[in-house]
Amino acid sequence: MQKMTRREKVLELIRTKRFRTQAELVEELRKRGIRATQSSVSRDLARLGAIKINGYYALPRLMHPIAGVLEILHLDTAGDHLIVVKTEPGQAPSVALKIDNAHFPEVVGTVAGDDTVFVAVKDREAQRKAILRIGQLFTWRRSLREGA
């Protein structure tokens with residue numbers, strides 16, 4: 001099972017059902033034919049930015065009020081091999097996952113914090129192309145984009 005596929009399924013599960021424990025998530029994945037361990041689910045939850053709210057796993061501030069829309073606030077470069085993507089607090093893991101799942105050939109990998117994603121690229125030309133693709137992949141917060 002690919003790690004990204006398992007993460008997508010974990011994301012789908014915690015959006016549609018309530019889970020109190022990682023063991024419950026592991027069991028639900030098993031019922032769906034996906035092999036996972038408590039350790040792998042724990043890493044997936046951390047990567048997705050999931051936390052417990054009222055005893056259940058949830059994705060805080062994952063979605064914009066318009067369901068299904070992730071926003072990016074700012075794109076910038078850092079040297080020739082790095083793109084910095086600023087997001088709303090709590091959205092960076094989901095933005096990184098969406099970039100990873102887009103499988104852009106220019107992108108080597110991503111690292112997400114709470115509100116920032118570092119996107120590693122191969123060179124300056126790949127950086128230019130990746131910025132365009134990432135910009136098209138997400139909704140921009142209008143007021144900040146127009147002001148930039």
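**Entry 1: strand pairing**

I looked up Lys 86 and found that its bridge partner in E6 is Thr 116. The model is a predicted one, in which local features need pLDDT of at least 70, side-chain atom pairs count only at pLDDT 80 or more, and totals for chains, interfaces and linings use all residues. Residues are numbered from 1 along each chain as its sequence is written, and side-chain values use heavy atoms, with hydrogens and water left out.

I note the terms for this entry: helices (H or I, at least four residues) and strands (E, at least two) are DSSP runs numbered from the N terminus, and two strands pair if DSSP finds at least two bridges between them.

Strand E4 (residues 82-87) and strand E6 (residues 116-121) run antiparallel and are joined by five bridges. Within this pairing I also found Ile 83 opposite Val 119 in E6.

Val 119 of E6 also stands opposite Thr 110. E5 and E6 pair over five bridges in the antiparallel sense, and a hairpin of three residues connects E5 to E6.

I then turned to strand E3 (residues 71-77), which pairs with E4 over five bridges, again in the antiparallel sense. His 74 stands opposite Lys 86 in E4, and Ile 72 stands opposite Thr 87 in E4. Four residues separate E3 from E4 in their hairpin, and Gly 79 in the turn has a positive phi of about 75 degrees.

**Entry 2: the whole chain**

I recorded six helices and seven strands in the chain. Along the sequence their pattern reads α-α-α-β-β-β-β-α-β-β-α-β-α.

For burial I used relative accessible area: buried is under 20%, exposed is over 50%, and partly exposed lies in between (1.4 Å probe, protein chains only). Of the 148 residues in the chain, 41% are buried.

**Entry 3: single residues**

I placed Leu 25 in helix H2. Leu 25 counts as buried because its relative accessibility is 0%.

Thr 37 is in the loop between helix H2 (22-31) and helix H3 (38-48). Thr 37 has 45% relative accessibility and therefore counts as partly exposed. Eleven residues separate Thr 37 from Val 26 in sequence, and their C-alpha atoms are 6.3 Å apart.

Ala 102 belongs to helix H4. With a relative accessible area of 29%, Ala 102 is partly exposed. I found Ala 102 and Arg 133 to be 31 residues apart in sequence and 9.3 Å apart in space, C-alpha to C-alpha.

His 103 lies in the loop between H4 and E5. The relative accessible area of His 103 is 63%, so this residue is exposed. Its phi is near 55 degrees, a positive value in a residue other than glycine.

**Entry 4: the largest pocket**

I took the pocket terms from a 1 Å grid over the protein atoms alone: a cavity is a set of points where a 1.4 Å probe fits but cannot get out, a pocket is an open set with protein on both sides within 12 Å along at least five of seven lines, and lining residues have an atom within 4 Å of a point. Points are joined across faces, edges and corners, and a volume is the space filled by probe spheres set on the points.

The largest pocket holds about 160 Å³ of space. Its lining consists of Lys 3, Met 4, Arg 7, Arg 47, Ile 99, Asp 100, His 103, Phe 104, Val 107, Val 108 and Gly 109. At least two lining residues come from each of helix H1 (3-16), helix H4 (92-102) and strand E5 (107-112).

I sorted the lining by class (Ala, Val, Leu, Ile, Met, Phe, Trp, Tyr, Cys and Pro nonpolar; Asp, Glu, Lys and Arg charged; the others, Gly among them, polar). The lining has five nonpolar, two polar and four charged residues.

**Entry 5: rings**

I searched the whole structure for aromatic pairs and found zero. The criterion was that rings of Phe, Tyr and Trp (its six-membered ring) pair if their centres lie within 6.5 Å, with planes under 30 degrees apart counted as stacked, over 60 as edge-to-face and the rest as tilted.

I did find the charged end of Arg 18 over the ring of Tyr 56, 3.8 Å from its centre. A charge sits over a ring if NZ of Lys or CZ of Arg is within 6 Å of the ring centre and within 35 degrees of the ring normal.
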